[in-house]
Structure formats: C-alpha cells, structure tokens
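I opened the structure to look up a few local features. My notes follow in the order I checked them.

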Amino acid sequence: MTSLLEPVGQKKFLKKLLAWYKKNGRHDMPWRTSKNPYAVFVSEFMLQQTTVATVRPYFDRFMKKFPTVKSLADADLNDVLALWSGLGYYARARNLWSAMRAILADFRGKIPSDLKILATLPGVGPYTAGAVASFGFNRPAAVLDGNVARLFMRLLAIEDDPKLKAVQVILKKLGLDLTDGNRSKKGGPRDINLALMDVGATVCVAQNPKCGECPVAEFCLAKYHNRQNDIPLRGEKPDRPTIRRLFGIVEWDGKRLMGQRPKEGLFGGLWEFLGVDAPSGVDPIEQLEKGIQREIGFKIRVKEALPAFEHQLSHRIFVVRPFICEPLTTGPDLIPEKGKIYERFRWVSIANLSRLGLSSITSRILAALQSEKF
Ligand code: SF4
C-alpha cells in the first residue's frame with residue numbers, strides 16, 4: 001500500500017482526490033462560488049452545527065443585508081439577531097457581529113489571513129480559523145470538521161478516541177502536510193480542503209462508508225484491514241436533561257409583552273414571551289402568575305391554557321406549556337423595569353413580532369398561534 005504519511009504517497013493521493021473533486025465536488029454552494037473572505041467567514045459561522053440546506057436561504061438574506069465587514073460591524077445587534085432568527089445557536093450571531101467589530105477596529109475592516117490572528121477573534125476556534133485562511137486566502141491549514149476528522153481516522157486506521165489530544169495532533173499534521181507545499185495548477189490548499197470535506201460528507205459517511213466509490217480507497221488502512229465500520233470509536237451520547245418551562249403570552253391593547261434575554265447564556269439577546277421554569281409537582285397557573293409578577297412587578301391573570309409541546313435542543317429538552325394571559329393593571333406607562341430573567345421589556349404589536357430576533361421556542365409558539373394550531 002502507498003503510505004499517506006510519505007510525501008510521494010501524499011502527492012499521489014492529492015492527484016486522485018482533486019480529479020474526483022473536479023467532477024463530483026459540491027461546487028454549487030453560494031459561499032463557494034465567491035472567494036471573498038468575508039463571505040467565507042459568514043458561511044463558516046452559519047454552518048457550525050447546521051446543515052447546508054438550512055443555511056442556504058439564511059446566507060443569501062444575510063449577505064444581501066450585510067454585504068461587507070463594515071455593514072455588519074455597524075449594524076444594531078438586534079437586527080443581526082432578527083435575521084438569524086430560526087437558525088439557532090445565537091451565540092454564533094453575536095460572536096460574528098463582535099468579530100466584525102474587532103476587524104473593523106483593529107484591522108481597518110480587512111479580514112486577517114494569519115491563522116494565529118484569526119484564532120484571537122470572538123467565536124473563532126482552530127476549525128474556523130483554518131477554514132477562513134484556507135478558503136478565503138488559499139493558505140495551508142488543517143480544516144478538521146467532523147467529516148474530515150472521520151476520513152483521516154479511517155485513512156490512517158486510528159482506533160482511538162478522536163477527542164484525544166494525541167489523535168488531534170496526528171490529524172492536524174496530516175491536514176497541514178497535505179495542504180502545505182502541495183500547491184499546483186490543479187489545486188491549492190483551498191481546493192484540497194474542500195475536496196477532503198466533500199469526500200468526508202458524501203463518500204466516507206459515518207454509517208456504511210461507500211468504499212466502492214471512494215477516490216482514495218487505495219490509501220485507506222481501515223479498508224485494508226476491513227475496519228471502516230469500527231472507526232472512529234463511538235462514545236455513548238450523554239442523556240439530555242428535561243426542563244419544564246411555562247410561557248405567558250401577556251396580551252393588552254393588540255400588543256404582547258416581550259422580554260429580551262441578557263446577551264450571555266442560552267437564547268442570549270433574543271426576545272421571548274415571558275418564561276418561568278416549573279419544577280414538577282407545582283400548580284403551573286399559580287407558578288406562572290407569581291413568577292411573571294415577580295419578574296415584571298405587576299399582576300397578570302391566566303385566561304387560557306394552550307397545548308403543551310416538546311422542544312429539543314442538542315443539549316437539553318424543553319417541555320413547553322404556553323398560556324394566554326392579561327395584565328390586571330393597564331395603562332400606557334406599563335413597561336416593566338429590568339427583571340431577573342429578562343434585561344428589558346417591550347409591548348409589541350402582533351404584526352411586528354416577527355421582526356424581533358425571537359428565541360426558537362417563542363418562534364414555535366408564535367407560528368402555532370398564527371396558524372391557529374392551538
Ligand atoms: Fe472512507 Fe472507505 Fe474511502 Fe476508506 S475506503 S476513506 S473507509 S470511503
């Protein structure tokens with residue numbers, strides 16, 4: 001077998017890989033048609049934990065509204081979150097906005113190409129730094145997303161936990177070796193990394209890799225030893241905690257009372273109907289009325305209970321129970337001060353609700369209210 005750890009083997013490997021990529025690569029993604037580092041930056045933030053199909057429309061809308069580093073850095077964070085609404089993992093939107101502000105302030109709006117400098121920006125880890133350097137500037141870098149890491153583990157038949165530091169060092173070195181010094185007319189670091197990602201995503205898939213269609217099968221030690229289905233090792237998924245949360249849709253004069261979460265933490269900076277945690281065994285109506293009163297400083301009353309639903313995030317499950325409520329005091333000055341859960345409050349007309357950056361749970365409640373599913 002040709003060894004992938006030797007320069008001669010790497011050269012042959014790249015020849016096969018790039019020939020496959022030319023014919024079979026996913027060239028139609030909007031962020032790939034441009035080599036603009038800003039577009040790469042935005043797409044990489046959006047693609048973290050999210051599928052290509054979901055990201056596509058968000059990316060197009062986002063680039064239309066914020067086409068440059070400066071336009072995003074100068075934007076109000078609420079407008080950025082509103083455009084991100086529904087994409088989830090909102091810390092990414094806040095970090096992207098903060099990173100653009102830092103680039104505008106410290107680098108005159110020019111995205112740096114150096115891996116070490118990129119890694120100092122908010123929300124930029126080794127993967128994103130490598131992706132921006134490689135895709136945006138065609139610089140050598142290891143771009144180890146989950147698919148590439150799995151591909152490398154199989155090529156080298158590494159039967160260890162992929163999270164081990166020693167394993168990470170080997171994978172990173174292979175990524176760098178393949179992209180460093182292997183520039184040619186056929187493809188530089190950018191094409192090499194994109195090709196690796198595409199083989200990982202479409203051929204060397206997690207379950208039942210398609211070894212018969214694999215352009216680099218002759219270099220694969222896992223296939224040679226018939227171990228491709230056992231690599232990488234799979235750990236047990238930890239159980240997700242379940243959280244019961246009550247939401248009050250407080251209505252008055254054609255408007256609904258919305259609370260904005262603090263910037264830090266889950267759903268940071270997003271707007272919600274007013275939510276209160278409900279330990280098991282408590283009376284939900286009493287808990288909600290008292291909890292909301294504590295938060296906003298005046299009494300409300302539950303008018304109607306709506307059907308409960310389950311809302312799953314990657315790390316927890318919410319059991320959501322929404323209730324229509326009304327305030328017992330009314331008046332134009334009824335805007336609560338900062339509470340313990342929410343940083344600020346606003347009465348918002350029903351027509352304007354969808355213009356806010358809403359948490360995913362509130363978006364679901366709103367969608368169900370609008371489609372009269374309740
Ligand atoms: Fe993956 Fe199979 Fe190709 Fe090896 S031969 S890299 S296991 S698809």
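I needed one definition before starting: a cavity is a set of grid points where a 1.4 Å probe fits but cannot get out. A molecule sits in a cavity if more than half of its atoms lie within 2 Å of its grid points. I also noted that this is a predicted model.

**Ligand site**

Where does the ligand sit? I found the ligand in the largest cavity. I then listed its surroundings.

I looked at helix packing next. Two packed helices are described by the angle between their axes and the distance between the axes.

I took α10 (residues 146-155) against α12 (residues 189-202). Their axes come within 8 Å and cross at roughly 85 degrees. Angles of 65 to 115 degrees count as roughly perpendicular, so α10 is roughly perpendicular to α12. From α10, I noted Asn147, Val148, Arg150, Leu151 and Phe152 in the contact. From α12 come Leu196, Met197, Val199, Gly200 and Ala201. I sorted the contact residues into seven nonpolar, two polar and one charged.

I then took α1 (residues 7-24) against α12. The angle is about 75 degrees and the axes are 9 Å apart. That makes α1 roughly perpendicular to α12. The α1 side of the contact includes Phe13, Leu14 and Trp20. The α12 side includes Asp191, Ile192 and Asp198. I sorted this contact into 11 nonpolar, one polar and two charged residues.

**Backbone checks**

I turned to the backbone. Most residues other than glycine have a negative phi, and most peptide bonds are trans.

Which peptide bond is cis? I found it from isoleucine 231 to proline 232, with omega near -5 degrees. I placed proline 232 in the loop between α13 (221-224) and β1 (242-252).

Glutamine 49 has a positive phi, near 60 degrees. I placed glutamine 49 in the loop between α3 (37-47) and α4 (52-65).

Key: Residues numbered from 1 in each chain as written. Predicted model: local features only at pLDDT ≥ 70, side-chain atom pairs only at ≥ 80, totals over all residues. Heavy atoms only, no water. 1 Å grid on protein atoms, 1.4 Å probe; cavity = no way out; pocket = protein on both sides within 12 Å on 5 of 7 lines; lining within 4 Å. Axes fitted to C-alpha atoms, helices over the stretch in contact; angles between N-to-C directions. Helix = DSSP H or I, 4+ residues; strand = E, 2+ residues; numbered from the N terminus. Parallel < 35°, antiparallel > 145°, perpendicular 65-115°, else oblique. Contact = heavy atoms within 4.5 Å. Nonpolar A, V, L, I, M, F, W, Y, C, P; charged D, E, K, R; others polar.
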